[in-house]
Amino acid sequence: MPVIRTVLGDIAPENLGVTLCHEHLFTNPPKWAQDQDPDMVLDRVDAAIAEVADFDGLGGGALIEMTTADYGRNATGLLAVAQASNVHIVSASGYQKGIYYPDSVATESIDEIAARFVADVTAGIDNTSAPAGVIKFGTCRTDEIRDDERKVQQAVARAHLMTGAPISTHCQAGTLGDLQANGFADLGVDPDHVLIGHLDRNLDFGYLREVARTGVWLGFDHWTKPKYPSDELRVDYVRRLFDEGYTKIMVSGDLGRPSYQPHHGGGPGFAGLLKQIRDRLPADIAERVFVDNPREFFAFTPREGQA
């Protein structure tokens, strides 16, 4: 029977509710990255609990928390937030992208890397009982997928096939989504279990159509950020995709910085994000991208690490 795997355990898909498909409650990237950009660390449990409470107050049901081990995943923090809230928290296995990979990627085999991801899903992350419910893969360039990233992609595909957990990706500046999608297909992954992230940073309709035609899900997950294309343009592209029958779309804000979250001193936060997207999208499309699509995509029948 399909389930959605939260940090507190499995739930029925119909209980997921309004979902943001790509968010961050805790982040702690490598020191070199923090030295370049201090607006990268989310480490306050009290602030995370307050952010999620605001989201709950506007009818939010679930956050897919996409911080991986190489970007500072905080299992105890996620458990604290989940235990303090009615909002479901789904955590991510996998790795963020090549520039953050641990040194072990260079020496471990694909099977060894995959085994770590499988254990995250079947046993728990970071020596806790909290399981991951999605596996992340990311690319850090806009022109090619690095060799070490291809290695990790193979491990992610293998872990997916062994557990059933869905795959969600990071595309640098929204690029290489077609290569990511085709790469997973070549590795035997059904495109219905792959969500290509950050595509709304690259609003080229021909490119988006090409990615959609592979059968994967499309992540429009950079709403409310003035430095990227406007939300009005996102609405136009979502409508156009729906009009052409490409309805496998989910939305979020990827608000992984203190400057994006009110209880860290920024904005709009998860509640503000939810309100702004709802205000812009037609009600039927909003229901599809917030509720129906996440409920379908993040549900899987657990295989518990069996090949």
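This is a predicted model: local features need pLDDT of at least 70, side-chain atom pairs count only at pLDDT 80 or more; totals for chains, interfaces and linings use all residues.
Against which strands and helices do the buried residues of H7 pack? The legends below begin with that view.

View 1. Residues are numbered from 1 along each chain as its sequence is written, and side-chain values use heavy atoms, with hydrogens and water left out. Helix H7 spans residues 177-186, and its buried residues are Gly177, Asp178, Gln180, Ala181, Gly183 and Phe184; buried denotes under 20% relative accessible area, exposed over 50%, and partly exposed in between, with a 1.4 Å probe and protein chains only. These buried residues of H7 pack against strand S6 (132-139), helix H6 (147-163), strand S7 (167-171), strand S8 (194-196) and helix H8 (205-213). Helices (H or I, at least four residues) and strands (E, at least two) are DSSP runs numbered from the N terminus. Just after H7, Gly188 adopts a positive phi of about 90 degrees.

**View 2. The largest nonpolar core and the surroundings of Phe220.** A nonpolar core is a set of buried Ala, Val, Leu, Ile, Met, Phe, Trp, Tyr and Cys residues joined through side-chain atoms within 4.5 Å. The largest one has 77 residues, and those with the most contacts inside it are Leu25, Phe220 and Phe290. Helix H5 (residues 110-122) contributes the largest share of this core, namely six residues. A second, separate core of 16 residues includes Val134, Leu195, Met250 and Phe297. With neighbours within four places in sequence left aside, the residues in contact with Phe220 include Asp200, Arg234, Tyr237, Met250 and Ser252, where contact means heavy atoms within 4.5 Å.

**View 3. Gln261 in its loop.** Gln261 lies in the loop between strand S10 (249-251) and helix H10 (269-280). Gln261 counts as buried because its relative accessibility is 0%. Apart from neighbours within four places in sequence, Gln261 is in contact with His24, Leu42, Glu51, Leu255, Gly266, Gly267, Gly269 and Phe270.

**View 4. The whole chain as context for the close-ups.** The protein chain contains 11 helices and 10 strands, and its C-alpha atoms fill a box of roughly 50 × 45 × 45 Å, taken along the principal axes. Buried residues make up 59% of the 307 residues. Among contacts in the protein chain with a separation of 6 or more, 76% are accounted for by residues 24 or more positions apart.
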